[in-house]
Amino acid sequence: MGGAAGSALQGVAIAYTWPFWAFLTVRGVAGMFSGIVPTVKAYIVDTFRSEDVPKVLAYREAAGTGAFILGPALGGFLAARFLSAPMFFSALASSGAALLCLHVLPEPRTPPIAKAKSQTAGESRWQPWRAVPLFFLSFIWACSRTCFHSYFPLLLARRFALPLARLGAVLTAISFLVAMVQIGVFERCRRRYGLEKTVLLGYLLVVIGLGSLVTWPDSSSLPQIFASAAVYGAGSALVSPALPALLVRFAPKGRTGAILGIDSAIVNFGRIVAPSLFGVFLFSDYAKLCLGPARVATAAGLVAFVLAAKEGRAAEGADGTKRSG
């Protein structure tokens, strides 16, 4: 409900041309109520069997991606007619989601602490030295996502002068690909290679996608840019659900929500830092049309890729066998 109020206020700010500081203030109000993701992830952990948690987390990511499939196209359609209409639609949709949570969402069958005690000691043992690298990976991943989601639409608009409706259609197509990978590929990859190598593969695809955006010349065509974005999208579809699933594995008894909350705070810090940092690179490399941020995110992705590879080898060495997630 807080998010709905924030979206409505943003719509009012746009419709009545409030000062920019006022718009940022009401957007901050909306952001204050946006911390539901770690709660939803903890709810999944407390409600489903341990072996089903990674799959359900992937479905949650796919459900969120569904908003990015519908949102850009619908938002572009609405904004082309009335600029603040997408914000009012978001407020209405958020109110509906709040009512569903109130009347439909059941309580977990097993209390979190009771469920944690029922797990084996090996599954629930706190391993902080392995959670810290995952927190760092989450930070790098948040910065990389911020780079893409903030500056890729800007790249499309400036280089190809796409109108709002067509820009929304391109973003929708990428989100549709991400959802298909999350639904049809992630679980198969996890069962075959394990969570660690799934993260590894995801980061590799992210680095390839962002790196190719850097190397394409200014004369590149829209299909070439779209292909790079599609590779990035496939990688993001693997990384997004795999990282929290790994964190859950290393959480102490009854503290899953706390660990996911810490991870969410780290991710949000990355989203705070990255836009300003990437904005500096954008203006320092203006002629390249937003490729400065992509260079930074690609370098960060390479660091995360190497760290994920070491984490995967460490996990296999600790268990003595090749784990299947």
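Predicted model: local features only at pLDDT ≥ 70, side-chain atom pairs only at ≥ 80, totals over all residues.
Which residues are linked in a network of salt bridges? They are Arg49, Glu51 and Asp52. Residues are numbered from 1 along each chain as its sequence is written, and side-chain values use heavy atoms, leaving out hydrogens and water.

**Salt bridges**

The structure holds five salt bridges, a term that stands for a side-chain nitrogen of Lys or Arg within 4 Å of a carboxyl oxygen of Asp or Glu. Here are three pairs to find in the viewer.

| Pair | N to O distance |
|---|---|
| Arg49 and Glu51 | 3.5 Å |
| Asp52 and Arg49 | 2.9 Å |
| Glu61 and Arg60 | 2.8 Å |

How covered are these side chains? Buried means under 20% relative accessible area, exposed over 50%, and partly exposed in between (1.4 Å probe, protein chains only). Arg49 counts as exposed because its relative accessibility is 53%. In the remaining pair of the table, Glu61 is buried with a relative accessible area of 10%, and Arg60 is partly exposed at 22%.

Helices (H or I, at least four residues) are DSSP runs, numbered from the N terminus. The axes of helix 4 (residues 53–79) and helix 9 come within 8 Å and cross at roughly 170°; axes are lines fitted to C-alpha atoms over the stretch in contact, with angles from 0 to 180 degrees between N-to-C directions. Helix 4 is therefore roughly antiparallel to helix 9, the word for angles over 145 degrees.

**A nonpolar patch**

Tyr59, Phe176, Met180 and Ile183 make a nonpolar surface patch of about 390 Å². Such patches are made of residues with over 30% relative accessible area and no salt bridge, with nonpolar side chains (Val, Leu, Ile, Met, Phe, Trp, Tyr) joined within 5 Å. Accessible areas come from the Shrake-Rupley method with a 1.4 Å probe. Helix 9 (residues 164–184) gives the most to the patch, with three residues. Met180 lies in helix 9 and is partly exposed, with a relative accessible area of 40%.

How values were computed
Patch = residues over 30% accessible without salt bridge, like charges linked within 9 Å, V, L, I, M, F, W, Y side chains within 5 Å. Helix = DSSP H or I, 4+ residues; strand = E, 2+ residues; numbered from the N terminus. Parallel < 35°, antiparallel > 145°, perpendicular 65-115°, else oblique.
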